[in-house]
Amino acid sequence: MKLSGAEILLRALELEGVEKIFGYPGGAVLDIYDRLPFSPLKHYLTRHEQGAAHAADGYARATGKVGVCFATSGPGATNLVTGLATAQIDSVPVVAFTGNVPTYMIGNDAFQEVDTVGITRPITKHNFLVKDVKDLADTVKKAFHIARTGRPGVVLVDLPKDVTREITDFFEEEYKTPVQIRSYKPVLKGHPGQIKRAAKAIASAERPILYIGGGVVSSGASDLVVKMAEVANIPMAATLMGLTAVPGNHPFFLGMLGMHGTYAANMAIQESDLIVAIGARFDDRVTGKLSEFAPNAKVIHIDIDSAEIGKNRAVDIPIVGDAKLVMEELLPEVEKQVAKNREFYAVREKWILKVRSWKERYPLWYEPSDRVIKPQFVIEKIWEVTKGEAVITTDVGQHQMWVAQYYRFSFPRQLITSGGLGTMGFGVPAAIGAKVGRPDKTVFCISGDGSFQMNMQEIVTAVHYNIPIKVAIINNGFLGMVRQWQGIFYQKNYSQVHLDVQPDFVKLVEAMGGVGLRATKPAEVEAVLKEAMAIDDRPVVIDFIVDREEDVFPMVPPGGALHEMILPSYGKKKEKKAV
Amino acid sequence: MDRKCEQRKHIISVLVENQPGALARIIELFSSRGYNIESLNVGHTEDPSISRITMVAKGDEHTIEQIVKQLRRIIDVFKVRDLTDKKKLDRELLIVRVNVETPEKKEEVMRLVEIFGAQVVDVSKDTYTVELTGDEEQVDAFLELIKPMGIREMARTGRVAMVRALQGETFGEQKE
């Protein structure tokens with residue numbers, strides 16, 4: 001079959017199982033957009049290319065499928081950059097297609113030309129510049145294969161305009177044959193010997209803890225991990241990316257660990273004699289001061305990316321492989337080992353009781369108020385009104401940490417948040433992508449007044465396609481997290497964090513065609529949320545005017561060890577330092 | 001000093017797809033992760049679609065291990081090996097132009113050339129241009145001795161290396 005490059009691209013996307021694309025047209029991709037109306041692919045025109053990248057990312061995180069976005073050359077491509085970096089650092093499978101100037105003009109500083117593959121090389125898993133239409137189909141196939149296998153990530157394919165115009169043969173049957181990339185063979189199955197050693201260590205440890213990362217969610221290992229915790233009586237702590245792997249109300253679950261982690265999670269890590277890290281990467285926000293992180297613990301590290309093993313923390317038993325495939329082998333081994341060890345439960349019970357006492361003694365806490373809205377109270381109410389079943393997207397800052405602490409998740413992929421890059425402006429477009437991918441779910445973006453303003457134009461996209469996302473702005477009139485740091489570590493020298501000059505969000509959203517609501521008193525919170533839940537044909541944005549100077553606690557001060565966290569006051573005036 | 005923290009030079013050999021982006025990716029890895037390359041050498045192998053990159057990087061064991069692992073993550077990379085402690089052949093090519101304004105100097109340079117098995121490849125009124133192939137130590141020693149003559153200009157290729165066949169393995173067959 002003779003097809004143009006544009007037609008080959010669109011047909012190949014179909015064959016890859018792509019249904020939805022987020023993008024923005026421009027000169028260099030005119031040929032693709034010319035053919036788009038004749039393709040069954042559904043394209044969503046975002047209002048900024050960054051929105052397209054985040055929406056593709058949100059779609060991928062919500063569904064587990066590959067997210068796809070389009071942009072033109074030059075500014076189109078550079079606008080994608082933040083979005084692609086956000087997805088890449090959180091290991092989200094996204095394939096981005098950018099147009100470029102025709103091959104004969106490359107390197108000429110032509111209109112809207114940038115070196116897209118050069119710019120995106122450090123923020124992608126791989127990228128391609130297609131110079132000949134004959135290579136196009138094979139490149140698309142490789143791009144999807146690389147994005148979704150091994151440690152998932154971002155692949156960008158740069159398409160010079162002439163490549164999309166030229167005509168060549170396209171063989172569908174050939175396209176359907178398996179991909180061959182001779183230099184790329186990810187290791188998926190764990191080493192059997194290492195798995196046996198790990199099982200023995202797990203069964204004989206006195207104070208083990210599971211440290212669960214985003215890899216557990218993305219590989220679909222959640223149930224197996226939870227099962228292992230139950231079989232071997234191991235408390236669980238999760239990273240921001242791994243939170244949804246464990247049901248929030250699980251008796252062994254201690255919540256998030258790290259900088260804003262719970263007291264119990266951080267203390268359990270610090271006092272453990274064995275850390276079982278699964279799909280996690282010992283990020284600095286998790287470990288605090290690395291040299292004082294879990295000083296007496298042996299480490300089992302299960303990860304698909306061998307470069308993560310031993311990167312930050314020395315590992316005793318490394319297992320390279322896909323979390324799910326490794327857990328399928330490890331779980332029966334652990335069961336065997338546990339059955340062998342008769343004293344097992346007596347030993348383990350002491351540890352479980354200790355961890356539980358930490359949990360009871362120093363729970364998450366905020367000072368309730370019937371005068372001003374507490375941000376944590378809003379999150380709790382959203383949880384209540386959505387019955388804990390909503391897909392939550394967040395932006396970055398205090399509200400993000402409160403979501404991690406106070407929304408109790410019930411199924412994997414329920415939280416969509418920029419963990420590694422910490423990208424403000426992620427929440428709204430990611431919610432659009434998530435809702436497109438999961439129309440059956442309520443999708444709630446919990447944002448801040450600072451973050452919301454970074455990509456609020458995407459509300460128009462939601463209006464355009466009747467995507468009924470809900471957005472809660474936790475509005476404190478500050479760049480709250482920066483203010484908190486300036487408050488605690490810079491003697492309250494609040495520099496450039498005042499956002500009290502802001503649009504009237506209700507009117508603004510109304511002007512964009514959405515529904516704007518506001519709550520200023522605690523008593524209004526529930527009613528306004530119920531009102532928002534009743535709307536299902538348009539986006540709704542609720543402006544929650546909250547306590548301006550609420551801080552996120554616990555907090556591990558920068559450079560501090562996890563056990564040195566600052567705790568909430570628990571009703572006393574002075575902040576308590578943990579032991 | 002603890003061997004783990006000891007800074008030393010490592011020779012890392014990388015087999016990579018002979019493609020435009022591949023080299024850029026490898027070099028960018030070094031700059032973005034803050035590793036230092038002392039020398040880097042690229043050329044194709046017996047299979048023209050595969051290039052061999054030989055690089056010398058300085059660092060402690062942990063850093064070098066990270067470099068090797070990060071290199072392996074690159075999609076276009078087939079194989080990475082740290083050859084430092086292997087029995088290997090490693091060679092470097094030096095081209096150096098030295099001053100020989102006096103007969104004594106001419107004689108001294110010729111003497112060194114003979115001892116090191118080098119070659120004079122270009123001659124002018126007051127300079128000799130010498131080519132030397134050897135391992136890094138030989139090249140360094142030669143340069144040290146020839147320095148007093150006055151070096152006008154020099155070029156070194158950096159090292160290329162290959163595991164000795166004696167070990168019963170070649171790079172390509174090694175499964176890692």
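Analyst: Two strands count as paired if DSSP finds at least two bridges between them. The model examined here is predicted.

Chain B contains four helices and nine strands. Following the sequence, these elements come in the pattern β-α-β-β-α-β-β-α-β-β-α-β-β. The C-alpha trace of chain B spans about 55 × 45 × 35 Å along its principal axes. Of the 176 residues in chain B, 42% are buried. Among the contacts in chain B with a separation of 6 or more, 74% are between residues 24 or more positions apart.

An open sheet of four antiparallel strands is found in chain B, in the order β2-β3-β1-β4. Its edge strands are β2 (37-44) and β4 (77-82) of chain B, and each of them pairs on one side only. On average, neighbouring strands of this sheet are turned by 15 degrees against each other, direction ignored.

Inside this sheet, strand β1 (residues 8-17) of chain B is joined to strand β3 (residues 50-59) of chain B by 10 bridges, and the two run antiparallel. One residue pair can be picked out: Leu15(B) has Arg52(B) of β3(B) as its bridge partner. In general, strands of a sheet pair through backbone hydrogen bonds, either parallel or antiparallel.

Two helices are in contact with these strands. Helix α1 (residues 20-32) of chain B lies across β1, β2, β3 and β4 of chain B, and its direction is at about 10 degrees to β3(B). Helix α2 (residues 61-73) of chain B also packs on the sheet, where it touches β1, β3 and β4 of chain B. The direction of α2(B) makes about 5 degrees with that of β1(B).

The two helices can also be compared with each other. As a rule, two packed helices are described by the angle between their axes and the distance between the axes. For α1(B) and α2(B), the axes come within 10 Å and cross at roughly 145 degrees. Their crossing is right-handed. On the side of α1(B), Ile26(B), Leu29(B) and Phe30(B) take part, and they meet Ile67(B), Gln70(B) and Leu71(B) in α2(B). Sorted by class, the residues of this contact are five nonpolar, one polar and no charged.

Another strand pair of chain B involves β5 and β9. Strand β5 (residues 88-99) of chain B is joined to β9(B) by four bridges, and the two run antiparallel. Here Leu89(B) stands opposite Met162(B) in β9(B). Strand β9 (residues 160-163) of chain B has two faces: Ala161(B) and Val163(B) form the covered one, whereas Val160(B) and Met162(B) form the uncovered one.

Chain A has an open sheet of six strands with parallel pairing, in the order β11-β10-β9-β12-β13-β14. At its edges stand β11 (253-256) and β14 (317-320) of chain A, each with a single partner strand, so one side of each has no neighbour in the sheet. Within this sheet, strand β9 (residues 208-212) of chain A pairs with strand β12 (residues 274-278) of chain A in the parallel sense over five bridges. There, Ala277(A) in β12(A) is the bridge partner of Tyr211(A). Five bridges also join β12(A) to β13(A), again in parallel, and Val276(A) stands opposite Ile300(A) in β13(A). Strand β13 (residues 298-303) of chain A has five of its six residues buried, so the rest of the structure largely encloses it. Finally, β13(A) pairs with β14(A) in the parallel sense over four bridges, with Ile302(A) opposite Ile319(A) in β14(A).

Technical notes. Residues numbered from 1 in each chain as written. Chains lettered and ligands numbered in written order. Predicted model: local features only at pLDDT ≥ 70, side-chain atom pairs only at ≥ 80, totals over all residues. Heavy atoms only, no water. Buried < 20%, exposed > 50% of the residue type's maximum accessible area, 1.4 Å probe, protein only. Axes fitted to C-alpha atoms, helices over the stretch in contact; angles between N-to-C directions. Contact = heavy atoms within 4.5 Å. Left-handed = near helix turned anticlockwise from the far one by under 90°. Nonpolar A, V, L, I, M, F, W, Y, C, P; charged D, E, K, R; others polar.
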